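Let's take a walk through this protein together, one piece at a time. Keep the structure open beside you as you read.

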Amino acid sequence: MSTKNSEKIGVLVMSYGTPVSMDEIESYYTHIRRGNPPTPEQLQDLTDRYKAIVGGVFPLRKNTDDQVQALQDALNQKMSEADISFKCFQGLKHAPPFIEDGISNMHAEGITQAVGIVLAPHYSIMSVGSYIKRAEARAKELGITMSFVHSYHLHPSLIEALAIRVESKLALFAEAGALRDDVKVLFGAHSLPARILEMGDPYQDQLLETSKAVAEKVGIHNWQFTWQSAGRTAEPWLGPDILETLQELSTEQVEDVLVAPVGFVSDHLEVLYDLDIEAKTVAKELDMRLMRIDSLNTDPLYMEALSDTIIKIWEKEL
């Protein structure tokens, strides 16, 4: 380990990004579409979704800001007895500060060694891999030595945090009169193009491993995996989608459903709209009772999983 005492270690905390206000939705959407502006209909659809969840007030970016600050606090608390400090920098895929901005900000503070981590526990070359590729390129340009966390999907603290959330919601179902074993638990995540399976991508397997670990810790057997938020493109995406799954469960006379979106770590559009509005609307039409586990956000156990993983990478590779 080449780090000297008193040296500041950079941590690039990467995530997808979100607009900071309604006025920035168009530029954000254009960036997602690789510089191609959305059609008026596409823009209206996305704007309506944001309006439905934020009502004109835009707290979504604060969720990530809070996670970055909480992670920095957790890291420095762990290292309080060593003469080492960590400084977290945010790097977003589709909104400023972009991933490259985060690296540049590190460089401006004289940081020469850093660890990169994505606020997504499961690796895919199309998601986490693309973040790392951009960060590596910029770090190389600026002479920063970086190591990266690729996944942390089975970290004990992550599994514990998710299990606590599943258990607490199952208790609410029981209070409402449902039998625990009758509640169908749907673990889920953001869909990706189905071609990742032909590439040997670990994304689906890691998600199933997380789901199985949480189910075993909670002691549940009545569960399955589903997908959500697939892109609107011509190519096939991983499925079935949760809305299709709810329809299928309805034909099986399932009345109580708990959604555990283990692929997401904070409250944002795919959780607050796709699940809390869209999926709940479908469930109501099917006369189902649907609940969702609370998002991890700044949960101390999640911060423990992140900080522990980062420190281990730093100790091993830098």
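Buried means under 20% relative accessible area, exposed over 50%, and partly exposed in between, with a 1.4 Å probe and protein chains only. Contact, in turn, means heavy atoms within 4.5 Å.

Before going further, please note that this is a predicted model, in which local features need pLDDT of at least 70, side-chain atom pairs count only at pLDDT 80 or more, and totals for chains, interfaces and linings use all residues. Residues are numbered from 1 along each chain as its sequence is written, and side-chain values use heavy atoms, with hydrogens and water left out.

Back to H2. This helix has 15 residues and reaches 21 Å from its first C-alpha to its last, close to the 21 Å expected at 1.5 Å a residue; the expected span is 1.5 Å times one less than the number of residues. Its buried residues are Leu 43, Leu 46, Thr 47, Arg 49, Tyr 50, Ile 53 and Val 54. They cover an arc of only 155 degrees around the axis, which puts them on the same side of H2; the arc is that of the directions from the helix axis to the C-beta atoms. After the helix comes Gly 55, with a positive phi near 55 degrees.

Not counting residues up to four places away in sequence, Tyr 50 touches Thr 18, Pro 19, Met 22, Ile 25, Tyr 28, Gly 55, Phe 58, Leu 60 and Leu 269.

Leaving aside its neighbours within four places in sequence, Tyr 131 is in contact with Met 14, Ser 15, Tyr 16, Lys 93, Ile 99 and Val 118.

H10 (residues 274–285) has 12 residues and reaches 16 Å from its first C-alpha to its last, close to the 16 Å expected at 1.5 Å a residue. In H10, Asp 274, Leu 275, Ala 279, Val 282 and Ala 283 are buried. Seen down the helix axis, the buried residues of H10 fall within an arc of 100 degrees, so they line one face of the helix. The face turned away from that buried side carries the exposed residues Lys 284 and Glu 285. The buried residues pack against H2, strand E6 (223–228), helix H8 (242–251), strand E7 (256–260), helix H9 (269–272) and strand E8 (289–292).

In the loop between H10 and E8 you will find Asp 287, which has a positive phi of about 60 degrees although it is not a glycine. Asp 287 counts as exposed, at 68% relative accessibility.

Finally, step back to the whole chain. The protein chain has 11 helices and eight strands, and of its 318 residues, 51% count as buried. The largest nonpolar core has 57 residues, and those with the most contacts inside it are Phe 86, Val 166, Phe 187, Leu 258, Tyr 302 and Trp 314. A second, separate core of 18 residues includes Ala 114, Tyr 123, Ala 139 and Phe 148. A nonpolar core is a set of buried Ala, Val, Leu, Ile, Met, Phe, Trp, Tyr and Cys residues joined through side-chain atoms within 4.5 Å.

Definitions and conventions. Helices (H or I, at least four residues) and strands (E, at least two) are DSSP runs, numbered from the N terminus.
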